[in-house]
Structures are given as structure tokens and as C-alpha cells.
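Reader: I am new to this structure. Could you show me how to read its features, one at a time?

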Amino acid sequence: MPDLDRRRFLFVTGKGGVGKTTVCASLALALAESGRRVLVTVQGAREGISSLLGTAPLGTSIIELHPGIFGVALSAGPAIREYGHMKLRSRVLAGAIFENRFVQSFFAGAPGLKEWALLGKAWYHSTETVDGRPRFDTVLFDAPSTGHGLDMLRVPKVILDLAPPGILRTDAERAWHMFQDPKQAGAVVVTLPEELPVNETEELVQALRGELELPIAALVVNGMREQIFSPDDRQALSKLVPQLPFGSGSAELALAAGVRRAERERSQVENRARLRALALTEIELPWILGGAATPQALSTMKSHFARGFASSRADPL
């Protein structure tokens, strides 16, 4: 199991619709129960963490969502103003500069600045201290889906390649150093055992390993169904696929359901083999009847992470 309970920054990404936010919520619960103080950061107002944990919607100020779990919605404008206030050490001066419409127009048109404002704020909270101690033990970034998520991760590298020496470059360098350190950070790639998500996962892993050279903390395979047919049974039932749909009688409907289930299992087996070929540390999460947006479902998913924490703490560093 991966040492997710030892890393300070985890970037959770994957194809849209694979359950990234549910994974974030269940991972946050497991981390909090292991004694870590967790901050979940999300992009924009359309977030699902608060509804999963049964709290008020997130805003741009950090709020407590659950014992040991805090959350904040990242917004580029407020993040840039907050950054300016930290560096200028004057809220009045920062307001005069960052609320100027010409400055705002520049920020809106500067390539990558919005992405860095969001990612940089999330990273900053992983370095933040209170009375000499980390304010948060782990920061989870419920990141955008694959393409946008990769673009966001590219920004600090681009700043290092192109920006002149200064505050912006210094902070980007510090962030990039953390992101590349597998003891401190890593990407959590979420997928489903289905063809399209696996296709995108292969491309994402290739980009993280090759172009960006960033550590992958874990591959989370969500929505795994229990196998109820043997390989021979699946092969026999697959021969009936061209005959679908059958009649409307109860026997025909039952047979059709069996054929479709066997095909889903066949696809799951084939796509799991493709994912294993990536040679990543994997966590399987079960497919949950009725969906994962319930306290009982989150508790089930949380337990899969918690077992890994117990085993990783038992291993020597």
C-alpha cells in the first residue's frame, strides 16, 4: 500500500466522472481518523465535498467540514490578492494594486497565471505553519480532470523555464521541488476499469512519468464489481451478445441481464490487466449499489485507505 498518510501534498486527478471527489472525501476521512489534520482544496464553486460530508458549501475562506478535515474553494482572483498581501505585507497596498482594473486585465490575460494562483495557494497551505508547527498535515487537491489537471501541473515548470529571478520564480521553484519529492507529494490517479477511462489514464500516467517526472502516489481503481461468472461462463455468454435484445418474458430478461453482466465483467478483467501493466501501487475501491454519496458508502471506501495506512506505518521508512 502507498504511504499516503505520510505525504504533505496529494494531487487527485483523473478522467471526469470517475469519482475523484468521492475518493478525496473518503481519503480525507481515513487520514483524519489516522490522526492527521487534513485540508481539502477544490477549484471553483461547483464542488461536491461539502455535500458528501454534509456541510455548508465551501467558500474562499477555510472552514471545518468534519473533525480533523477542513476545506476551501480556490478562486483565482481572491488567491492572487491574498498572495499579494502576503508578499507586500500591506492589505491596503495590495488592494490598491490588485483591484486596479488594468492590473486585473493583465492577470486575466497572462497565460498560466490563473492556474498557478490556484495550485500555488493549495501548495502554500501545505507549507503553512502556526506557532512553528504545520497548520495542516496533508493537503488534498481535488484537481480538475486529466487535461486541465496536467496543464495546471505544467505551470510551475514553465515558470522555472521562463521567468526571471524573483518572488514568483522562487515560490514556483519551492513548489516544484516539493511536487517532485515522493516523500512529500504525489499524484493520486483515479480511474474506472472501463475502456475510455483506462485510455485516458494511460496517457495521464505517461505524461506524469515522462514529460513532468512527477511521482505517482497511487492508482485508485474505483467501481470494481465482484466477479460472479467464471471465465468459461463469460465466454459462453459472450456468444449471445449478437442476439440481444431477447424477448420480453421473464426468462429472456434474466438471460439478457446475465449476458450484459458477463460482458461488463469481461471488460473489467481486460481493463484491469491494462492498468496492472502500468506497474503502479494500486488501491481498489468497490462498486457500491445505489452510489457512493452516502455515509455508509464513504465509510466502506474509507476503510480501504485506512487498512493501507496501518500497513505502511508498520513498514520501516
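**Reading helices and cores**

Author: Let's start with a crossing: α10 passes α11 in a left-handed crossing. Left-handed means that the near helix is turned anticlockwise from the far one by less than a right angle, and right-handed that it is turned clockwise. This is a predicted model, where local features need pLDDT of at least 70, side-chain atom pairs count only at pLDDT 80 or more, and totals for chains, interfaces and linings use all residues. Residues are numbered from 1 along each chain as its sequence is written, and side-chain values use heavy atoms, with hydrogens and water left out.

Reader: At what angle do the axes of α10 and α11 cross?

Author: Two packed helices are described by the angle between their axes and the distance between the axes. Helices (DSSP runs of H or I, at least four residues) are numbered from the N terminus. Axes are lines fitted to C-alpha atoms over the stretch in contact, with angles from 0 to 180 degrees between N-to-C directions. Here α10 (residues 231-238) and α11 (residues 250-276) cross at roughly 120°, their axes coming within 9 Å. The two are therefore oblique to each other; angles under 35 degrees count as roughly parallel, over 145 as roughly antiparallel, 65 to 115 as roughly perpendicular and the rest as oblique.

Reader: Which residues of α10 meet α11?

Author: Contact means heavy atoms within 4.5 Å. Arg 234, Leu 237 and Ser 238 of α10 meet α11 residues including Leu 255, Ala 262 and Glu 263.

Reader: How far apart are the axes of α6 and α8?

Author: Their axes are 10 Å apart, and the packing angle is about 65°. That makes α6 roughly perpendicular to α8. Among the α6 residues in this contact are Trp 116 and Leu 119, while α8 (residues 167-179) brings Phe 179, among others.

Reader: Which residues touch the most other members of the largest nonpolar core?

Author: In soluble globular proteins, nonpolar side chains tend to be buried together. A nonpolar core is a set of buried Ala, Val, Leu, Ile, Met, Phe, Trp, Tyr and Cys residues joined through side-chain atoms within 4.5 Å. Buried means under 20% relative accessible area, exposed over 50%, partly exposed in between (1.4 Å probe, protein chains only). In the largest core, of 48 residues, they are Phe 9, Phe 11, Leu 119, Phe 141, Phe 179 and Leu 208. Helix α6 (residues 113-127) gives the most to this core, with seven residues.

Reader: Is Lys 20 buried or exposed?

Author: Lys 20 is buried, at 12% relative accessible area. Lys 20 lies in α1 (residues 20-33).
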